[in-house]
Structure formats: C-alpha cells, structure tokens
Amino acid sequence: VRRPKISVIGAGFTGASTAVFAAAKGLGDIVLLDIPQRENYAKGVALDLVESTPILNTDVTITGTADYADTAGSDLVIITAGVPRKPGMSREDLISTNAGIVKSVTEQVVKYSPNAFIIVLTNPVDSMTYVAYRVSGFPKNRVFGQSGVLDTARYRTFLAHELRVSVSDITAFVLGGHGDDMVPLVRYTYAGGIPVAKLLPKETIDRIVERTRKGGGEIVNLMGTSAGYAPGASLVEMAEAVLKNRRRILPAIAYLDGEYGYRDIYMGVPTIIGGDGLESVIEVDLTPEEKAALDKSAEGVARTIAFVKENVLK
Ligand code: APR
C-alpha cells in the first residue's frame, strides 16, 4: 500500500500553506516544486515542514525540488505557480504571463504524471483552468479549479461571526467567475438548516455578500500580497474529497458543456468531487436576477478565455 502522492507546483505563500494543511491531515506524500532559482527555498520549506511531522503525528514525506522527475506518478497535482499582479502591470500582461506559466507547468505534469488529477489555483483561475485543460488533453473530470471553496469559506466565516454560531453550521455556495462579479446565492445559504434570510436583516446579508465579493482585495490591502492560508485550506479540502473519495458537494471551477446554458467555458458551479475527480455539475434553479448576475460574470470569464485562446493556446 502506498500513500497518495500530491505535487504542489509553486512553493510560494499558497503552495507552502497547501503543504502545511495537507501534511497536518496526513493526506499523502508531498512534493513542492518551484523554479530553479527558488529550489533551495522549496527545499527549506519542505524540511521545515517535515520537521513538524513528529509533532503533527503524521508519517508523510515532504520533498522540495525544481526537478519534475520528483513529481513522477503523482495522483494529484495542485498548480499555484504564477506571478502576482505588480504595480503598472496590465490585466492582459498578467494573464499572458500566468497562462504561459500554467501552460509550461501542465506540459511537465502530463509528461510525468499522465494519470493525475489537476487542481488549478493560479489567477485568473477560471481561464488558467481552461489552459490546463486544453494543454493537458485530460478529460474534464480530471482538471478543475479552486475558487468557490475559498469564496464560500469567507462568506461562511462572516455569516457565522455575525450570527455568533459555529462556522460549521453555515452551508452555502457561490456561482460564477472568481472576482467581484461572483454570485453568492443567499437563497441557498443555510445556518443549521434554516435559511439565513430568516435570521438576519437584508441589509446585513447584503453587506456580507459585498464583503465576500471583495474578500481577496481586503487581504491584499492589509498584507500587501494575496491570501495564502484560506486558499491553501480550500485546495486541501478539494484534494481530500478526491483522495478519500468523499463525494463532497463543493463549489468548483468546472468545464461547462451546456450546463447553466454555457459552453466551452470553465466557471464556478456546485459540483460533486470524489474519487473520479469532478464527477458532476449540479444545476440549481435560478431566479431571473440570479441568472442575469451569472451571465454578467460568465461574460467576463468568456472574454478572458477568448484572450487566452488567441494569445497563448494558438
Ligand atoms: N514553475 C514553478 N513555479 C513557478 C513558476 C513556474 N514556471 N513560475 C513561478 N513560480 C513560483 C514562484 O517562484 C513562487 O514561488 O510560484 C510561486 C508563487 O508564489 P507567490 O508569489 O508567493 O504567490 P501566491 O500568493 O502563492 O499566489 C500564487 O495564486 O492566488 C493566486 O493570484 C495568485 O496566481 C497567484 C497564485
């Protein structure tokens, strides 16, 4: 019997956080890969982390490397490699740079781990997941992206704190692209089985929805860099759903082929994630207002995907 092998590409803030949460759960052996200039950093993170395993009481191995041969035979690969948007950098520049990175990473992943599941985090994540899908040639159930678990975790946190109840008792999901246009669905948000609209005034919920939409920016404003802990925890929740075949209902960035009326696009929707990866998309009824909000979000995602098709995938 061998432990699952998880490779995390990009050993920056999010990659390292992902490794921490995965190690703490003893989810599998972990390989942290970064570019050659950052190989020693990746090795240092791996060593620091493996030295915590006696205390965490887990027996996983953690390897830092710049060599894809070390990732060979991974069951699951998480892509966090990318650059953050720097001052003066246009949105298009960021998309081109990160799409180039995700493309080259995916080529190596396919070469060394042809049977792996791929979970993408690199932003803009909807279109970067599309790049990984097209470049890998893997079936759609094996390539999906993370954004909804994180957005929902933020939404659940704010609601639980407002209600002064356990975060575990709030269930919810968000639809759409990862960004200010995401669509948190209040109608489908529950606290212990009770619709939150029955527990909180509309203004309070509206304020929380708005804070959720801008949750990424709130962290950047405070830290001067993008979030890492909650994204890492979100990636591990998805990885665990696959590696333990939990068939969790989780919002994820899925390839849509007619679902919700969209085609050839990756976008956030409720899904079932289990041992076969992203096993299915769940379609829920939407009010005309919700559908309009989702259409707006989908338009933005479709534009970015069109740009990537034109400039990176041709
Ligand atoms: N191969 C492997 N690693 C790479 C590559 C590459 N081609 N290019 C860049 N990296 C590495 C960087 O060297 C860095 O260590 O990816 C890591 C990114 O880490 P951070 O800069 O700390 O960024 P992080 O906060 O982890 O965010 C990563 O997630 O939230 C998104 O927008 C964010 O796209 C970004 C990604």
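An oxygen atom of the ligand sits 2.8 Å from a polar backbone atom of T14, a polar contact in the sense of a pair of N or O atoms within 3.5 Å (within protein, one must be able to donate a hydrogen and the other to accept it, and residues adjacent in sequence count only if both atoms are side-chain atoms). R38 takes part with its side chain, where an N or O atom is 2.8 Å from a ligand oxygen. At N123 a polar backbone atom lies 3.1 Å from an oxygen atom of the ligand. The ligand taken alone exposes 730 Å², and the protein buries 83% of that; accessible areas here come from the Shrake-Rupley method with a 1.4 Å probe, and for residues only the protein chains shown count as cover.

Before we go on, a word on the model: it is predicted, with local features needing pLDDT of at least 70 and side-chain atom pairs counting only at pLDDT 80 or more, while totals for chains, interfaces and linings use all residues. Residues are numbered from 1 along each chain as its sequence is written, and side-chain values use heavy atoms, leaving out hydrogens and water.

Now widen the view to the shell around the ligand. There are 18 residues around it, and F13, T14, D34, R38 and N123 come nearest; a residue is near if one of its heavy atoms lies within 4 Å. By class, 7 are nonpolar, 9 polar and 2 charged. Here Ala, Val, Leu, Ile, Met, Phe, Trp, Tyr, Cys and Pro count as nonpolar, Asp, Glu, Lys and Arg as charged, and the others, Gly among them, as polar. Helices α1 (13-25) and α4 (91-112) each supply at least two residues of the shell, and α4 gives the largest share, 3 residues. Helices (H or I, at least four residues) and strands (E, at least two) are DSSP runs, numbered from the N terminus.

N123 also deserves a look for its backbone. Most residues other than glycine have a negative phi, and most peptide bonds are trans. The bond from N123 to P124, however, is cis, with omega near -5°, and P124 is placed in the loop between β5 (117-120) and α5 (125-136). R164, in the loop between α6 (148-163) and β7 (170-171), has a positive phi near 55°. Y260 has a positive phi too, about 60°, and belongs to the loop between β12 (248-257) and β13 (263-274). R164 is exposed at 77% relative accessible area, whereas Y260 is buried at 7%; buried means under 20%, exposed over 50%, and partly exposed in between (1.4 Å probe, protein chains only).

Finally, let's turn to charge pairs. The whole structure holds 21 salt bridges, each a side-chain nitrogen of Lys or Arg within 4 Å of a carboxyl oxygen of Asp or Glu. In one of them E240 pairs with K25, the closest N and O atoms being 3.3 Å apart. E240 lies in helix α9 (residues 229-243) and K25 in helix α1, so this pair ties together parts 215 residues apart in sequence. E240 is buried, at 8% relative accessible area, while K25 is partly exposed at 43%. Both belong to a salt-bridge network that links K25, E240, K244 and R246. Another bridge joins D181 and K296, with closest N and O atoms 3.3 Å apart. Because D181 lies in the loop between β8 and β9 and K296 in helix α10 (residues 288-311), the pair ties together parts 115 residues apart in sequence.
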